[in-house]
Amino acid sequence: MPNQVQIEHLTFDVNSSFYNHVLSDFSSKSAIYYYIHDTGGYINTDSRGFEYASYHTWQEEKFIENVFESIDPLISLDFTRTYIESQGDINIYCLGDYYYGYAGLTYSTNDSDIEIFWENQNGYSYVRNYGDLMDLDAFTLIHEIGHALGLSHPNNDPEGSWHTSNDTVMSYNFIYNEYSYYANAPVWSTIDKLALDSIWSGENQGVNEVIPSIDSLTGLTIGNTYKLEEIKDYDGNLHGYLGNAPSDVITGYKFQGYAYSGNSSNMEAIFTNKYSGRWVTVDHFDDDKIDFSYHGQGGATRIVGIYEDPLVKAGIVQKDSVFDGSRTFINDLKLDNLILKASGDFDGDGFQEIYFSKVDNTAYLRAVMHADSNIQYANYQNLEQMTNFLTIHGHADSIALIA
Ligand SMILES: [Zn+2]
């Protein structure tokens, strides 16, 4: 069943007075410090006064670190662990075994520091590679960190049967297998990442930044964002919109570098846009001027089209399900989660292929292009699949460029 949870179901708390001062305070900081209390004994906390704290195991600490590290590259906040309690913006305390009748609580105090308290429920399976950390406790931790970063329970209905922990870490409906010895570590779902990105988009920090409009490709810096005022899709729609495109989209083209995208012997410039979830090829002419009228047939200066996943077309995979490669590609563009790596006709079929990697290197996107630089389709590969594919086709030397 497709995920029913929408970004709006997870983000309405952010505008409450409860969270508003955190939003403005965190947005103004270059680093958000998190503190993990790791000794036992009485503590005096801002929100709950005196409590008896238990220590954190090093596996719990490692899991907490990974929860922050796995969201850090995708949102504008940067997280740093601190060992000084008073420096922490988010302080995490374990109160020992489940006793008070709550698994986790998150408070924001008047000075906009956040305190997380949680209790060990010791259920149900051991998390693979995390020693004696159990999956329900790991889920409590990522859920409370979700609250600390502004996420709400889905539509204020944490127990609703329309969602599970597979859809969002903010659900109470934790999916587990009590007969299984090991479980995978809970991770942010795609909708969690999109919701956090919408709360903590770069806009909060870049209000005074002026983004230049460009009509040439000279002097661009990879990773910087530019205004492509006149870029159109194949049919001539500005920015791929039928009506007016939002201003974030117009100024939101991130330069990724150059790639062979079509049958010309020149490379094209590649831009991605996290506001529209689209990407762009821009032809590189000798006079170094961008010709924005070159978007139709025979041109390669355009918003790249949206393709249908061949498996969806064949009826094997449901459209917009998590297995729909086209939807995953658009989500990764919206998360600014792709880095251009390499291009070439690796399988020798006469069509160029462009390789992107996910920011965290967990998967590689192989986009297969048409002769005119539009896209045929794309598929995700893991490291092994990418390595095998390139090795079979005699391009083992390109693996290191991509991985
Ligand atoms: Zn909660």
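Author: The model is a predicted one. Let us begin with two helices: the axes of α3 (residues 58-71) and α4 come within 10 Å and cross at roughly 40°.

Reader: Why is α3 called oblique to α4?

Author: Angles under 35 degrees count as roughly parallel, and 65 to 115 as roughly perpendicular. The crossing angle is roughly 40°, and therefore α3 is oblique to α4. The crossing is right-handed.

Reader: Which residues make the contact between α3 and α4?

Author: On α3 they are Phe63, Ile64 and Val67, and on α4 they are Ala138, Leu141, Ile142 and Ile145.

Reader: How do you know that the span of helix α4 agrees with expectation?

Author: Helix α4 covers residues 135-148, which is 14 residues, and at 1.5 Å a residue it should span 20 Å. The C-alpha atoms at its ends are 20 Å apart, so the two values agree. After α4 comes glycine 150, with a positive phi near 105°.

Reader: What makes α4 largely enclosed by the rest of the structure?

Author: A residue is buried if 20 or more other C-beta atoms lie within 10 Å of its own. In α4, 14 of the 14 residues are buried, and the helix is therefore largely enclosed.

Reader: What makes helix α5 mostly covered?

Author: Of the 10 residues of α5 (residues 190-199), 8 are buried. These are Thr190, Ile191, Asp192, Lys193, Ala195, Leu196, Asp197 and Ile199. The buried residues of α5 pack against α1 (7-11), α3, α4 and α8 (325-334).

Reader: Why does asparagine 20 count as partly exposed?

Author: The buried class needs 20 or more neighbours and the exposed class 12 or fewer. Asparagine 20 has 15 C-beta neighbours inside 10 Å, so it counts as partly exposed. Asparagine 20 lies in helix α2 (residues 17-27).

Reader: What makes strand β17 largely enclosed?

Author: In β17 (residues 364-369), 5 of the 6 residues are buried, so the rest of the structure largely encloses the strand.

Reader: Which strands does β17 pair with?

Author: Strand β16 (residues 353-358) pairs with β17 over 5 bridges in the antiparallel sense, and 6 bridges join β17 to strand β18 (residues 375-381), also antiparallel. Glutamate 353 faces valine 368 in β17, while methionine 369 stands opposite isoleucine 375 in β18.

Reader: Which residues in the two hairpins take a positive phi?

Author: In the hairpin of β16 and β17, with 5 residues between the strands, asparagine 361 in the turn has a positive phi of about 65°. In the hairpin of β17 and β18, which has 5 residues between its strands, serine 373 has a positive phi near 75°.

Technical notes: Residues are numbered from 1 along each chain as its sequence is written. This is a predicted model: local features need pLDDT of at least 70, side-chain atom pairs count only at pLDDT 80 or more; totals for chains, interfaces and linings use all residues. Helices (H or I, at least four residues) and strands (E, at least two) are DSSP runs, numbered from the N terminus. The expected span of a helix is 1.5 Å times one less than its number of residues. Axes are lines fitted to C-alpha atoms, for helices over the stretch in contact, and angles run from 0 to 180 degrees between N-to-C directions. Angles under 35 degrees count as roughly parallel, over 145 as roughly antiparallel, 65 to 115 as roughly perpendicular and the rest as oblique. A crossing is left-handed if the near helix is turned anticlockwise from the far one by less than a right angle, and right-handed if clockwise. Two residues are in contact if their C-beta atoms, placed from the backbone, lie within 7 Å. Two strands pair if DSSP finds at least two bridges between them.
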